Amino acid sequence: MTETETQNTKYWFIFSLAYLIIDYARMQDVIPLLPYLRPGLIIIVILTIFFIFKGNFKDVDTKQTRMIALFILLLCFYVPLVRNNFFAWRTFKIMLLYLPFILSIIFCVRSLDRLKKLICVILLIMIYISAYSLGHAGKGSGGYFFDENDLSLFINMWLPFCYFLFISEKARLMKIVYACAFIIGIIAVVASFSRGGFIGLVSMFLVLWFFSPRKVLTLTVIVICACSIYYLGGQAYRDEMSTVTDTEEGTADARIRSWETAWDMFLDNPLGVGGNNFQVRFPEYQGDRFPRGMWGRVSHSLWFTLIPETGVFGIIIYLMLLYYNIKDIFQIKKLNSSQDDPEARYLYYISLAMLASLAGFFASATFLSVLYYPHYWYMTAIIVTAMNISKQRRNASIADAAESTESNLRTA
């Protein structure tokens, strides 16, 4: 991005960060009267106006944005056809409202400096959410974080960034910030008493160790964290986490029966029942799995929301999006393998963080109905952005090499 382009999108980028703060930090939940002003909606309108007058679809046309657009169009297609049109419309509208922010990030964040600022803001938000939850029984103020399971899922997504940026960072102050964010995030996950959060934490740590270039250090950190969680979590936490593998009783058994219902619904409706219509159609397919009508019960799984609600086409689109994301992450890792260049080093460790982040997200999301939450869709925008920046660096490097060769030939 040239200096002129940077100046032209300066306020656009600022409003994008403001939207992220409003959407995640949920200041409207703790500041009186602010909810009545609808700050999130206002900023979305502003971002849309920015894109209409300053944006360019060509600059945001990627495989991932096409998949997201197709997914949103699929949800729109269901609206007039499904059992509960209102639920389907609301789901479509929620996903559609994510789009201005996603496109804004891809368009505005085309320099490493802005990518660093974006990730720094998200980590500061994570610190705030974690600190808030510690004083509120492991829950956030509302929105995506009112439930302790949802809160721990979000934290698990960003803990790897704290860890890998701590390794890559040279400045002492930023190292302290990343270390504090990592510690308070883990404490918040433990304080949430979320079994899904625990599974996500373990999965995240496994992938974090597997891809870490400093395996001994990473293993030491994991062991210290595991021991701290075991002893500081207390007997109540250990007892709660020991039920993770118990599928015969409680919520685990109910989830499995819900998943069986979701599978039956998919087999009967391979093209999908529409956004958030699983809960509407649940009584038709529950059979004798539950003792009474269960209208309004969700599947408690990202996958078993995706399968019956969006059908074959939704499954293909979502898996293609996941494939493109993972492919890009490994490409980012490959393009920035040099540890001598500080910028390449940053992008390299960001790619490792993304892999661990997705592991933590999907491990927890398997047990939560978070398909329409923004976390993964926003992460996709960040992956696309990091890929674009990596390509720019590669092209600049090739151009510099070609110019240097041409200069040498002229001199010769």
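This is a predicted model: local features need pLDDT of at least 70, side-chain atom pairs count only at pLDDT 80 or more; totals for chains, interfaces and linings use all residues.

The sulfur of Cys-162 lies 10 Å from the closest cysteine sulfur, which belongs to Cys-180. A disulfide requires sulfur atoms within 2.5 Å, so this separation is too far for a bond. Cys-162 is buried, at 0% relative accessibility. Cys-120, by contrast, is partly exposed, with a relative accessible area of 26%. For the sulfur of Cys-120, the closest cysteine sulfur is that of Cys-162, at 10 Å, again too far for a bond. The count of disulfides in this model is zero.

Let us turn to charged side chains. How many salt bridges does a search of the whole structure find? The search finds seven. In one of them, Arg-66 meets Asp-61, with 2.8 Å from N to O. Arg-66 is partly exposed, at 45% relative accessibility, and Asp-61 is partly exposed at 42%.

Asp-113 pairs with Lys-117, their closest N and O atoms being 3.3 Å apart. Both residues belong to helix 7, and four residues, about one turn of the helix, separate them.

A further salt bridge joins Arg-393 and Glu-343 at 2.7 Å, N to O. This pair links distant parts of the chain, 50 residues apart: Arg-393 is in helix 17 and Glu-343 in helix 16.

Finally, consider the surface. Leu-41, Val-45, Ile-49, Ile-52, Phe-53 and Leu-97 form a nonpolar patch there, together presenting about 580 Å² of accessible area. Helix 3 supplies the largest share, five residues. Ile-49 is located in helix 3 and is partly exposed, with a relative accessible area of 43%.

Note on methods: Residues are numbered from 1 along each chain as its sequence is written. Side-chain values use heavy atoms; hydrogens and water are left out. Patches are made of residues with over 30% relative accessible area and no salt bridge: like charges are joined within 9 Å, nonpolar side chains (Val, Leu, Ile, Met, Phe, Trp, Tyr) within 5 Å. Accessible areas come from the Shrake-Rupley method with a 1.4 Å probe; for residues, only the protein chains shown count as cover. A salt bridge is a side-chain nitrogen of Lys or Arg within 4 Å of a carboxyl oxygen of Asp or Glu. Helices (H or I, at least four residues) and strands (E, at least two) are DSSP runs, numbered from the N terminus. Buried means under 20% relative accessible area, exposed over 50%, partly exposed in between (1.4 Å probe, protein chains only).
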